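Please keep the sequence and the model at hand while reading.

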Amino acid sequence: MSTILETRGLNRSFGAVTAARELNVKIESGEVVGVIGSNGAGKTTFINMVTGYLPPSSGEILFEGKSIVGKSTREIIRNGMTRSFQVAQLFPEMTVLDNLLIALVAAEGPRPSFLGGLRSRSRIARADEILEEFAVQQYRNAIVSAVPQGARKLIDIAMALIGKPRMLLLDEPTSGVSVEEKFPLMDTVMLAVRRHKVTVLFVEHDMEIVERYVSRVLAFYSGEIISDGVPAKVFGDAKVQELVIGHGHGRKTEDKERSAA
Amino acid sequence: MTTLYAILIDGMIYASWLFMVAAGLTVIYGVMRILNMAHGSFYSIGAYTGASLVGWYFSGAQGAPYWSYALLLGAALVSGVVVGLLIEQGLLQFMYKRDEILMVIVTYALLLILEDATKLIFGVDPYFTFQPYSLLGRSEIGELTFANYDLALIAVAAVIGAACWLTLNRTHTGKVLRAVIQDREIAIAMGVNVKLMFAATFVVGTTLGAIAGALTAPAISVSPGIGVEVIVLAFAVVVVGGLGSIEGAIVGALLVGITRAAAVHLAPQIELFVIYGVMALVLAVRPQGLFGRDLARKI
Amino acid sequence: MLKLDKTEIWLVVSALVLLASAFLLPNWLTFILTLALAKALVVQGVVIQMRAGLVSFGQGLFFCIGGYSVGMGGAFLNIHDAFVLVALGVAASVGVAAILGLLMTRYRDIFFAMLSLALSMILYGLIVKNQALGSTDGFNVHDVSFLGWMPAGEDQKLVIFVLTVIVAGGIAIALNRYMKSGLGGVNEAIKENEIRVEFLGLSPRWILYANYLFAAGISAVGGAFTALATGHVDPEMAFWTTSGEFVFIALLGGTSHVAAPFIAAVLFALVRTYALELAPHSWQMILGFVLLAIIVFLPKGLWSLVAGKRRAAA
């Protein structure tokens, strides 16, 4: 195994508020790492810095050994790190198929051609494979805005995987998804992730999900990582119990959505 | 030195006029997020009703000539309120959920309709009502003379500006309005009658446009197309200051007004160019305008 | 290599019909059609950008640059070949767009609309105050030749009509390709969710920039042919109401089919010819009501009537 992502002394403050303090993280390729912490603990700041959306105040981020600080979101994506979104980011007035076709076009290169048709046979074949892989074939020709939340999340993640990333950031994959749907959804996602051999970093409020799917947990509190290790160790930590789980656990999905919006 | 004074005073006069024209536009955008392309039409409606009423007054009625100022204002109030209310209630209130850019197109359609409606009602021949303008005479400042009417406009603009600012910042209604501006959803949840606020704001905005038109009428020949020319100037002012900000409209008007006056006196061939040049320059450097709020972008 | 799809075959057929009809139609009608097609090219420029979510209220800028290039090329540079003049217009327009585009592509929504309006008004302001360019009256365009051939009087009009049809047809085919291509799809994606496009590793700004240049180019072609056909240019070309008319026609036709702007422009021109005669002071009012009706009832433009029927029949 090799280190795929490493942060060294990462800091970020917004005015007087410190959202990230001396973050030193090393993620090995193939790991599935869960990021937990209550709202304002610094999870989102961490994810945003790693994806290039937010520049760190100081510190270094290495992706596959190369610094990505100062690189644009786009360059980072092209380098092999993509992300999904808490609220699925799709093209709402297009069909699910067209959404995937656009993602396929994007995966072919940064300068799409204006000559070949969008709906080429090879792209459609590829899109159909993806629809099957994510078990959303029945929505193939539906307009996205008419598709249920869970399926939208899957399509969002599928689109993030189309560019063949080596690392994927999942932002609350089960938020907004019903209790019955969340495990099947995560099973589908994790299957795809393993098939693509992608390292996963995911932010999640739902501790059941975290416990079941991750190999390692980073617990954030007030801009710092207070515990890092296998789930059993982190969840057993008294500090984590008090500061993180006490806050984040057991709340209804709707609450989370509202507070995050 | 004389040129400098001329530039300053002309600039002030022009700026006051610009501010009056732009105030209604910025009030409507600030509260309702509607960039009202038809704003110039309210200006022209005010100008036409003012001019025809005053023309009638001087041709027949036996009152003191000073009453014509009251008539001008009255004409603007009535036409602005009536037409504004009609349009808000009859059309706009059904479209508040639409995109900002779509509302631009809706109000563009309104402009087309109002332009022709004005022509149908008032005809296409120009109206001249110079009496209220010449009545006040002229005064000398150094070697320069200025029409007192123009100088009085500076005072009127100041009153309008102060009234807008005080209403927004020092009254209960203003507080409620600011809540609506901050977050429409929360304001509704707090029990604010947003529909009423919107209707009132729109009517105030259109009436401000009509007042600007009526007060300008004695100084110009009122003819078709004045509204179309005015609207782009108002855009320039409002965009420079920051859409939706009264303070911004004041600063924008001063900036554009004095720049234009300087151009008129120093390099007349770039007179129009500088107005839009200032607008483009401000947009390029600070797209939200000098006093606009930052544009947040979120995932 | 160049295999035409169904739309493109229809475009070629319509162009051929138009060309054949040139010899049958009265002169005033071919003249109106020439202007309508030229205008439709500018509208295509608006539509390209609309498909990516941007509404230009200043496309008249490039329409005007195209027209004035033809006029000024003849008057000041002593260029009299129509092809060179049109090329000059396109080059000037794309050149200006290359610079302005760097700025414009940073803006969206009403800011894009306002800034485009401001830029075209800057040009208007410059021309209006320029005596050498005839100020508000504009000036007449010199007679032109076509690769050395100089047809007389009415024949010249006919040649210009033929050229306009051919060029418009060619551009329409190119636009059809563009619309249906992968990049065309990305354009719609930008309109719907720009952030997602960025997170797919594409640069919306680069695409919008390319659109802006492309739109500027074909708008200039429209302006150049308008100047050639009318033999006159004036600053109204850059006035914002002219741009408003382009937006109107774009919405009238809708953005879903490459033929829509052409049909809408011809319809617009024909209706206007009669409306201006019958009701000179309510023409704009009619436009206003039509626009409102379209926004409320046909948000995808007149073309949705055609498309809707076809879907119902299928």
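Which residues are linked with A:Glu31 in a network of salt bridges? The network joins A:Glu31, A:Arg216 and A:Asp228; a salt bridge is a side-chain nitrogen of Lys or Arg within 4 Å of a carboxyl oxygen of Asp or Glu.

This is a predicted model, in which local features need pLDDT of at least 70 and side-chain atom pairs count only at pLDDT 80 or more, while totals for chains, interfaces and linings use all residues. Residues are numbered from 1 along each chain as its sequence is written, chains are lettered from A and ligands numbered from 1 in the order in which they are written, and side-chain values use heavy atoms, leaving out hydrogens and water.

**Chain B with chain C**

- Chain B puts 47 residues into the contact and chain C 43 residues, where contact means heavy atoms within 4.5 Å.
- About 4,000 Å² is buried between chain B and chain C, with carbon and sulfur atoms giving 81% of that area; buried area is the accessible area (1.4 Å probe) that two parts lose on being put together, summed over both.
- The interface of chain B and chain C has 7 residue pairs in polar contact, both residues being at pLDDT 80 or more. A polar contact is a pair of N or O atoms within 3.5 Å; within protein, one must be able to donate a hydrogen and the other to accept it, and residues adjacent in sequence count only if both atoms are side-chain atoms.
- On the side of chain B that touches chain C, two or more residues come from each of α4 (100–122), α10 (226–241) and α12 (271–285) of chain B. Helices (H or I, at least four residues) and strands (E, at least two) are DSSP runs, numbered from the N terminus.
- The most residues on that side of chain B come from α4(B), with 16 residues.
- There is 1 salt bridge across the interface of chain B and chain C; C:Lys129 and B:Glu271 meet through their side chains in a salt bridge at 3.0 Å, N to O.

**Chain C with chain A**

- Here the contact takes 30 residues from chain A and 21 residues from chain C.
- The area buried between chain C and chain A is about 2,400 Å², and carbon and sulfur atoms give 67% of it.
- Chain C and chain A share 1 salt bridge; the side chains of C:Arg196 and A:Asp156 meet in a salt bridge at 2.7 Å, N to O.

**Salt bridges within chains**

- Over all chains, the whole structure has 23 salt bridges.
- One salt bridge joins the side chains of A:Glu108 and A:Arg123 (2.7 Å, N to O). A:Glu108 lies in helix α3 (residues 96–108) of chain A and A:Arg123 in helix α4 (residues 121–133) of chain A, so the pair ties together parts 15 residues apart in sequence.
- A:Glu108 is exposed at 52% relative accessible area, whereas A:Arg123 is buried at 13%. Buried means under 20% relative accessible area, exposed over 50%, partly exposed in between (1.4 Å probe, protein chains only).
- B:Asp116 and B:Lys119 form a salt bridge, their closest N and O atoms being 3.3 Å apart. Both residues lie in helix α4 of chain B, 3 residues apart, and both B:Asp116 and B:Lys119 are buried.

**Helix α2 of chain C**

- Helix α2 (residues 27–51) of chain C has 25 residues. Of these 25 residues of α2(C), 21 are buried, so the helix is largely enclosed by the rest of the structure.
- C:Gly53, with a positive phi near 95°, follows α2(C).

Terms used: Expected span 1.5 Å × (residues − 1).
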